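This report describes selected local features of one model.

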Amino acid sequence: MSYLTPGKKEVGYSLTRKRRENGYAREKLPRFGQIPSHKATLLWLALRYGFIDKSILVVTEGLGPQKFHGRVAILVNEHTASAGEMLAAFAEENGLATIVGTKTAARLLSGSTFKAGSGYIVGLPAAAYLTWQGKLIEGKGVPPSVPVELLPDDLLAGQDPQVQKAIEIVTGM
């Protein structure tokens with residue numbers, strides 16, 4: 001997401017039930033705004049965010065202008081989930097890319113996993129993710145701005161209409 005915009009920009013936020021029920025201001029949530037450049041930094045992140053409420057505001061890094069700004073297409077389909085949906089929603093909300101394909105999977109929740117014994121792991125939702133404009137993606141997905149179906153027969157024929165449309169859009173920008 002940081003590559004799509006030159007400056008620091010709010011992306012969205014995760015919100016726990018407890019934080020929602022107790023009240024919150026999204027601007028005052030703990031900010032996560034930089035991807036670690038070294039593995040050693042991961043320990044600091046674990047300490048900073050690992051023991052607090054999972055409500056966190058995600059912000060882009062502010063990497064500066066890029067040559068491709070204004071000429072981006074993002075391909076999505078029913079298999080695009082989680083962080084892919086965050087990216088598509090961020091780009092769509094901010095007019096940073098044309099979203100091409102079919103609606104995303106609508107599977108974006110922060111979760112926690114626990115060992116349940118006998119080799120099983122249980123995953124439970126811990127927080128909902130909302131875009132900066134307050135849209136919930138879980139259960140709704142991100143619709144493309146340019147809908148293009150991809151059928152098995154297209155692939156068997158060596159064609160990918162979604163990629164072809166994305167290339168057409170980008171070359172026309």
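## Surroundings of S55

Leaving aside residues up to four places away in sequence, S55 touches S14, L15, T16, R19, L29 and P30, where contact means heavy atoms within 4.5 Å. This is a predicted model, in which local features need pLDDT of at least 70, side-chain atom pairs count only at pLDDT 80 or more, and totals for chains, interfaces and linings use all residues. Residues are numbered from 1 along each chain as its sequence is written, and side-chain values use heavy atoms, with hydrogens and water left out.

S55 is found in the loop between α2 (40-49) and β3 (57-59); helices (H or I, at least four residues) and strands (E, at least two) are DSSP runs, numbered from the N terminus. The relative accessibility of S55 is 0%, so S55 counts as buried (under 20% relative accessible area, 1.4 Å probe, protein chains only). The side chain of S55 reaches the backbone nitrogen of T16 at 3.0 Å.

## The sheet

Five strands form an open sheet with mixed pairing, in the order β2-β3-β1-β7-β6; two strands pair if DSSP finds at least two bridges between them. Its edge strands, β2 (31-32) and β6 (109-117), each pair on one side only.

Strand β1 (residues 10-15) runs antiparallel to β3, and three bridges join the two. E10 stands opposite V59 in β3.

## Surroundings of M86

M86 is found in helix α3 (residues 83-93) and is buried, with a relative accessible area of 15%. Not counting residues up to four places away in sequence, M86 touches M1, V58, L108 and Y129. M86 and I137 are 51 residues apart in sequence, with a C-alpha to C-alpha distance of 8.2 Å.

Conventions. Buried < 20%, exposed > 50% of the residue type's maximum accessible area, 1.4 Å probe, protein only. Polar contact = N/O pair within 3.5 Å; in protein donor to acceptor, adjacent residues only side chain to side chain.
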